[in-house]
Amino acid sequence: MKFLIFLGTVRDSTPPKPARLGQRVSNACIECLVSQYSEHEVELIDALDYPLESVFKPHFSYSKGKAPSALDELAEKIELADGFIMISPEYNHSMSPALTNLLNHFGSSLFSYKPSAIVTYSAGQWGGMRAAVGMRTFLSELGCLSVSAMIHVPKAQDVFEADGSMVVGEDQASWFDYFGRTFKQLIWWAQATSDHRTEVDPHHVVKDFKKTPSDRNAP
Ligand SMILES: Cc1cc2nc3c(=O)[nH]c(=O)nc-3n(C[C@H](O)[C@H](O)[C@H](O)COP(=O)(O)O)c2cc1C
């Protein structure tokens, strides 16, 4: 199966130090997935690679064929993926604006009926868990419901080096075991939803709203 790893930080200046702590966390997630779940494919989607237009215009607001090619290409990747790993720092007890902004560019029909896994981190002691709680609501609205286990990395700068390798003294096996609980849930759900999507097309059973969210309103 194919999983997209969204990295939600575009901060490349300090203070606070270090900048782009998230790159360490995404590198560690990739190392864990590639070494332990090599039958699956993973691709990093780094919010820093998407300097999207300053006036907000989501992918679905363009007429067909008129969207910027970067948006079209990412939309296709999301549509083809079987699941998502969403990595976010905690900014003011919330998920990062960079990840929110990137995900807001795409309609829920691309994400729906596939699972997601939440990975948060911070330089402080709580590992971004307050952001993670809000991410559940956000990802549910996108239709890629998050698995119950989550990954939180407190003081990520003390755990991972810049390349994602472990700081001396940290036990990689224990960390990957901890990561594995979430990744195994994600893979199980991704397989289950993939199998069922081939039997029953959810977009056929539940129509996506086309013009306005009020299409879903109570009578
Ligand atoms: C605007 C801003 C708000 C922050 N808010 C929190 C917070 O609520 N909780 C926390 O633990 N750390 C917070 N931090 C510290 C981050 O955990 C730390 O800067 C981390 O390096 C951010 O990840 P990044 O470097 O990948 O962007 C905040 C940092 C910034 C820049």
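This note goes through the cysteines, the backbone and the surface of the structure.

1. The basis. This is a predicted model, in which local features need pLDDT of at least 70, side-chain atom pairs count only at pLDDT 80 or more, and totals for chains, interfaces and linings use all residues. Residues are numbered from 1 along each chain as its sequence is written, and side-chain values use heavy atoms, with hydrogens and water left out.

2. Cysteines. A disulfide is a covalent bond between the sulfur atoms of two cysteines. Here a disulfide is taken as a pair of cysteine sulfur atoms within 2.5 Å, and by this rule the count is 0. Cys29 is in no disulfide, and its nearest cysteine sulfur, in Cys32, lies 7.2 Å away. For Cys144, the closest cysteine sulfur is that of Cys29 at 16 Å, which is too far for a bond.

3. Burial of two cysteines. Buried means under 20% relative accessible area, exposed means over 50%, and partly exposed is in between (1.4 Å probe, protein chains only). Cys29 is buried, at 0% relative accessibility. Cys144 is also buried, with a relative accessible area of 0%.

4. The loop between E1 and H1. Helices (H or I, at least four residues) and strands (E, at least two) are DSSP runs numbered from the N terminus. Pro16 lies in the loop between strand E1 (2–7) and helix H1 (21–36), and the peptide bond from Pro15 to Pro16 is cis, with omega near -5 degrees. Pro18 is found in the loop between E1 and H1; a cis peptide bond joins Lys17 to Pro18, with omega about -15 degrees. Arg20 is in the loop between E1 and H1 as well. The phi of Arg20 is near 50 degrees, a positive value in a residue other than glycine. Arg20 is buried, with a relative accessible area of 8%.

5. Tyr113. This residue sits in the loop between helix H4 (108–111) and strand E5 (116–121). Tyr113 is not a glycine, yet has a positive phi of about 65 degrees. At 31% relative accessibility, Tyr113 counts as partly exposed.

6. Two surface patches. Patches are made of residues with over 30% relative accessible area and no salt bridge; like charges are joined within 9 Å, and nonpolar side chains (Val, Leu, Ile, Met, Phe, Trp, Tyr) within 5 Å. A salt bridge is a side-chain nitrogen of Lys or Arg within 4 Å of a carboxyl oxygen of Asp or Glu. Tyr113, Val200, Val205 and Val206 form a nonpolar patch with about 310 Å² of accessible area together (Shrake-Rupley method, 1.4 Å probe). Asp72, Glu73, Glu76 and Glu79 gather in a patch of negative charge. Glu73 is in helix H2 (residues 69–80) and is partly exposed, at 48% relative accessible area.

Definitions and conventions
Lys, Arg positive; Asp, Glu negative; His and termini not counted. Charge placed at Lys NZ, Arg CZ, Asp CG, Glu CD.
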